[in-house]
Amino acid sequence: MESQTIVEALLLGLLEGLTEFIPVSSTGHILLAGHFLGFHSTGKAFEILIQLGAILAILSVYFSRLWQMLIKLPSDPQTRHFVIGILIAFLPAAVIGALAHDFIKTILFESPRLICIMLIIGGVVLLIVDRINFKPRFHDVERFPTSLYLKIGLFQCLSLIPGTSRSGSTIVGALLMGVDKRAAAEFSFFLAMPTMVGAFAFDLFKNRNVLTSADLPIISVGFIAAFVSALIVVRFLLDYVSRNGYALFGWWRLVVGIAGLLALMVWG
C-alpha cells in the first residue's frame with residue numbers, strides 16, 4: 001500500500017467527517033477531491049463506507065438520548081410518534097435510492113461538473129432561505145406533525161443528486177415549512193442515522209464481491225478520520241446555527257463549486 005494512498009484516504013476521511021452533517025454535500029466534496037487527487041476506490045465503495053465513522057460519531061453524541069427513547073418507546077406515545085416520524089421521513093429516499101442505485105453510482109457520481117453546478121445552486125438557495133425572516137412554528141423535533149416528517153423526507157430525495165447535500169436538502173425543506181434553525185439541524189441529525197446506516201449496508205452488500213482485504217487499510221484510515229472530525233462537528237454545529245444561521249455554508253458551497261468548475265476547465 002503506497003503511503004500516498006493512505007494520506008489521500010486520511011484527507012478524504014477528514015473531509016467526510018467535517019462535511020457530513022453541515023449542508024455542503026459531503027459526497028460532493030469527497031468525489032471532487034478524489035477526482036483531483038486521482039483517488040479511485042473499488043466500486044466507489046470507499047466514499048460510502050467511510051460514512052460509518054460519521055455514523056458512529058453521531059450515535060456516540062446522541063447515545064444517552066437514543067437509549068432513553070428506546071426505554072420509553074413501548075409506553076410513551078410521543079416517543080413512538082417521533083420514531084415513526086423518522087421512519088416515514090427515511091422511506092422516500094431509501095426507496096428511490098435503492099431503485100436508482102446503479103444510475104446514481106455509475107452516472108451521477110462520475111460527473112464532477114454536475115457536482116459543482118449543484119454545489120453552486122444549493123449555495124444560492126441556502127443563502128436566500130437563510131435571509132428570509134420566517135416565523136418558526138415548530139421547535140421540538142419530537143412533536144412535528146406526521147405530515148411534516150413526510151415532507152422533509154421528500155426533500156431528502158433531492159440529495160440523491162451528488163452535490164445537493166442530504167443535510168442541506170432536509171434543512172432547507174424544514175426551514176421552508178416553519179421549523180426553526182436549530183430544530184432543522186437537529187432533525188437532520190436524527191434522519192441521518194437510518195439514512196446513512198441504510199446507505200452503508202446497501203453499498204456494502206452491493207460491493208461484497210469486489211471488495212478485498214487490500215481495501216481494508218484505506219477504508220480503516222478514512223473511517224477513523226471521519227469519526228474524529230464528525231465528532232467535533234456534531235458537538236458544535238447546533239449552537240453555531242442557532243446563533244449564526246446557515247449563510248457561511250451557502251458561501252462555502254459557492255466558493256467550492258466555482259473553484260471546482262474553474263479547475264475542471266484548466267485541468268479537466
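A few ground rules apply: residues are numbered from 1 along each chain as its sequence is written, and side-chain values use heavy atoms, with hydrogens and water left out. As the model is predicted, local features need pLDDT of at least 70 and side-chain atom pairs count only at pLDDT 80 or more, while totals for chains, interfaces and linings use all residues.

**Confidence**

pLDDT is the predictor's confidence in each residue, from 0 to 100. The chain has a mean of 89, with 96% of its residues at 70 or more. Helices here are DSSP runs (H or I, at least four residues; strands are E, at least two), numbered from the N terminus.

**Annotated spans and helix 13**

An unreviewed UniProt entry puts "transmembrane region" at residues 48-67, 79-100, 112-129, 187-205, 217-238 and 250-267. UniProt positions follow the numbering used here, feature names are shortened, and annotations may be inferred rather than shown by experiment. Residues 48-67 are 90% helix and 0% strand, with end C-alpha atoms 26 Å apart. For residues 112-129 the figures are 100% helix, 0% strand and 26 Å between the end C-alpha atoms.

Helix 13 (residues 247-267) runs for 21 residues and covers 30 Å from first C-alpha to last, close to the 30 Å expected (1.5 Å times one less than its number of residues). Its buried residues (buried is under 20% relative accessible area, exposed over 50%, partly exposed in between; 1.4 Å probe, protein chains only) include F249, R253, G257 and L264. Helix 2 (26-37), helix 8 (112-131) and helix 12 (216-244) are among the parts that cover them.

**The cores**

A nonpolar core is a set of buried Ala, Val, Leu, Ile, Met, Phe, Trp, Tyr and Cys residues joined through side-chain atoms within 4.5 Å. The largest one has 56 residues, and F21, F144, F187 and Y246 touch the most other members. Helix 11 (residues 181-206) gives the largest share of this core, eleven residues. Another core, of nine residues, lies apart from it and includes L31, L108, I115 and L264.

What does F187 touch, not counting residues up to four places away in sequence? The list is F82, I86, A89, V141, F144, Y149 and I152, where contact means heavy atoms within 4.5 Å.

**Ring pairs**

The whole structure holds twelve aromatic pairs. Rings of Phe, Tyr and Trp (its six-membered ring) pair if their centres lie within 6.5 Å; planes under 30 degrees apart count as stacked, over 60 as edge-to-face and the rest as tilted. Here are two of the pairs:

| Pair | Centre to centre | Between planes | Type |
|---|---|---|---|
| F82 and Y149 | 6.4 Å | 50° | tilted |
| F138 and F144 | 6.1 Å | 70° | edge-to-face |

Because F82 sits in helix 6 (residues 77-99) and Y149 in helix 9, their pair ties together parts 67 residues apart in sequence. F82 is buried at 1% relative accessibility, and Y149 is buried at 0%. F138 counts as buried at 17%, and F144 does at 1%. Ring pairs join F21, Y62, F82, F138, F144, Y149, F187, F189 and F190 into a cluster.

**A loop residue**

S159 is in the loop between helix 9 and helix 10 (166-176). Beyond its neighbours within four places in sequence, S159 contacts T164, S165, R166 and S169. S159 and M118 are 41 residues apart in sequence, with 10.0 Å from C-alpha to C-alpha.
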